[in-house]
Amino acid sequence: MGGKCPHRKVKKRRLSHKTDRRSKFLVKGDDAVYEELQKPDEEKKPLPLDQDLPGMGQFYCLHCDRYFSNVSVRDEHFKTKRHKKRVKQMMGPAPHTQLDADLAAGMGMPDNGPKLMSM
C-alpha cells in the first residue's frame, strides 16, 4: 500500500539550496579578512555598486564577508550568534596563513645551519 510512487523521477537534493547559494559568492579566508580589519579607517574606501551582489553590494559585513539585501537584514545579522563569534575570533590573535602551513609541513626555506667555512 505505502511506498514511493513508481513513476516519480525527481530525486531528493542532498545539499540545501541555501548552501549552494552561499558558495556562489567567493568567501575570503580568515587571514584575508583579518588583514582587511587591521587597515586604518583612512585606507578603507566606500563599496562600489555591483549589480551581481545582493543589495547592489552596499550592505556588507566585513567580519563575516557577506553581502545583504538591505539595512534591516544586515542589522539582524549583527545580532546573531554566528556574527558575534566571528567578531570575537577576529579580535583575537592573527589566524594562520599559508606561510604558516608551509613551514609546519616542512616546505619552507631549508635550514642548513651556519656556514663554518667560506672559500
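This is a predicted model: local features need pLDDT of at least 70, side-chain atom pairs count only at pLDDT 80 or more; totals for chains, interfaces and linings use all residues.
Let me begin with H4 itself, which spans residues 81-91. Which of its residues are buried? They are His83, Arg86 and Met90. Viewed down the axis of H4, these buried residues fall within an arc of 60 degrees, so they line one face of the helix. The face turned away from that buried side carries exposed residues, namely Lys81, Lys84, Lys85, Lys88 and Met91.

I turn now to the packing of H4 with H2. Their axes lie 10 Å apart, and the two helices pack at an angle of about 75 degrees. Angles of 65 to 115 degrees count as roughly perpendicular, and H2 and H4 are therefore described as roughly perpendicular to each other.

Which residues meet in this contact? From H2 come Asp30, Val33, Tyr34 and Leu37, and from H4 come Arg86, Gln89 and Met90. By class, the residues of this contact divide into four nonpolar, one polar and two charged. Arg86 and Met90, which meet H2 here, are also among the buried residues of H4.

Finally, a word on annotation. An unreviewed UniProt entry places the annotation "domain: C2H2-type" on residues 61-83. Over that stretch the chain is 48% helix and 17% strand, and the C-alpha atoms at its ends are 9 Å apart.

Thank you for your attention.

Notes: Residues are numbered from 1 along each chain as its sequence is written. Side-chain values use heavy atoms; hydrogens and water are left out. Buried means under 20% relative accessible area, exposed over 50%, partly exposed in between (1.4 Å probe, protein chains only). Helices (H or I, at least four residues) and strands (E, at least two) are DSSP runs, numbered from the N terminus. The arc is that of the directions from the helix axis to the C-beta atoms. Axes are lines fitted to C-alpha atoms, for helices over the stretch in contact, and angles run from 0 to 180 degrees between N-to-C directions. Angles under 35 degrees count as roughly parallel, over 145 as roughly antiparallel, 65 to 115 as roughly perpendicular and the rest as oblique. Contact means heavy atoms within 4.5 Å. Ala, Val, Leu, Ile, Met, Phe, Trp, Tyr, Cys and Pro count as nonpolar, Asp, Glu, Lys and Arg as charged, and the others, Gly among them, as polar. UniProt positions are given in the numbering used here, feature names are shortened, and annotations may be inferred rather than shown by experiment.
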